[in-house]
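Colleague: I am new to this model. Please take me through it one feature at a time.

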Amino acid sequence: MDAHEAYVALEREIGLLLRRSRAISARLARELHPDLDGAAYGLLALLQDAGPLRASDLVARLGLDKSTVSRQVSSLVELGLVDRAADPDDGRAQVLTPSREGATRLSRIRDARRARWEDDLSGWATDDVATLAGLLGRLNRLGEVREGEAAAGESVAR
């Protein structure tokens, strides 16, 4: 396989992964709460992994527009899955964290997903699973850098 074919194959496989990911996120969101939007699942997971965060941090990390994040946060708060509190560094701002209920529900779903991955990949060598995780981590860090550059470019343009 030449370099061009490799990038074509990569684009195709990443596209398939992203389409499946959106469908899975929608299903997982419904498992969290029947009224929850699919995109809000990822927001709650990010708060669990990296929180507490301001809404502006979520915008930057997820690469979404402010109104989308605001709508998702409002929905998560109304459903009792996320708590808001005054930012200890800036009392005018608020930080978001998963509520006890949100964290419990998310943990249950993540445990089930991990068990599914373990079952699906049981025939893989542990080193292969670790290599895949490492490569995906490198790809995600590249995406975070690109999102940061794009956000910085938008700030400069304003």
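Modeller: Start where helix α1 starts: a side-chain oxygen of aspartate 2 comes to within 3.2 Å of the backbone nitrogen of histidine 4. A polar contact is a pair of N or O atoms within 3.5 Å; within protein, one must be able to donate a hydrogen and the other to accept it, and residues adjacent in sequence count only if both atoms are side-chain atoms. This is a predicted model, in which local features need pLDDT of at least 70 and side-chain atom pairs count only at pLDDT 80 or more, while totals for chains, interfaces and linings use all residues. Residues are numbered from 1 along each chain as its sequence is written, and side-chain values use heavy atoms, with hydrogens and water left out.

Colleague: How many helices and strands are there in the protein?

Modeller: The protein has six helices and two strands. Helices (H or I, at least four residues) and strands (E, at least two) are DSSP runs, numbered from the N terminus. Read from the N terminus, the order is α-α-α-α-β-β-α-α. The C-alpha atoms fill a box of roughly 55 × 40 × 25 Å along the principal axes.

Colleague: Which residues of α1 are buried?

Modeller: Buried means under 20% relative accessible area, exposed over 50%, and partly exposed in between (1.4 Å probe, protein chains only). In α1 the buried residues are Ala9, Gly15, Ser25, Leu28, Ala29 and Leu32. An α-helix has 3.6 residues a turn, so residues three or four places apart point the same way. The buried residues of α1 pack against α2 (38-50) and α5 (100-120). In the protein, buried residues make up 25% of the 158 residues.

Colleague: Is arginine 22 buried or exposed?

Modeller: Arginine 22, a residue of helix α1, is exposed, with a relative accessible area of 56%. Its C-alpha atom is separated by 7.8 Å from that of alanine 39, 17 residues apart along the chain.

Colleague: At what angle do the axes of α2 and α5 cross?

Modeller: Two packed helices are described by the angle between their axes and the distance between the axes. Axes here are lines fitted to C-alpha atoms, for helices over the stretch in contact, and angles run from 0 to 180 degrees between N-to-C directions. The axes of α2 and α5 cross at roughly 100° and come within 11 Å. That makes α2 roughly perpendicular to α5 (under 35 degrees counts as roughly parallel, over 145 as roughly antiparallel, 65 to 115 as roughly perpendicular and the rest as oblique).

Colleague: Which residues meet there, in α2 and in α5?

Modeller: Contact means heavy atoms within 4.5 Å. From α2 come Tyr41, Leu44, Ala45, Gln48 and Asp49, which meet Gly102, Ala103, Leu106, Ile109, Arg110 and Arg113 of α5. The residues of this contact divide into six nonpolar, two polar and three charged (Ala, Val, Leu, Ile, Met, Phe, Trp, Tyr, Cys and Pro count as nonpolar, Asp, Glu, Lys and Arg as charged, and the others, Gly among them, as polar). Arginine 110 of α5 is buried, with a relative accessible area of 18%. Leaving out residues up to four places away in sequence, arginine 110 touches Tyr41, Ala45, Gln48 and Asp49.

Colleague: How do α2 and α3 cross?

Modeller: Their axes come within 11 Å and cross at roughly 110°, with α3 covering residues 55-62. The two helices α2 and α3 are therefore roughly perpendicular to each other. Leu43, Leu46, Leu47 and Ala50 of α2 make the contact with Leu58, Arg61 and Leu62 of α3. This contact of α2 with α3 has six nonpolar residues, no polar and one charged.

Colleague: Where does leucine 81 lie, and what does leucine 81 touch?

Modeller: Leucine 81 is in the loop between α4 (66-78) and β1 (82-87), and counts as buried at 0% relative accessibility. Beyond four places in sequence, leucine 81 touches His33, Leu36, Leu44, Leu76, Pro98, Ser99, Glu101, Gly102 and Arg105. One of these, serine 99, lies in the loop between β2 (90-98) and α5 and is buried at 5% relative accessibility.
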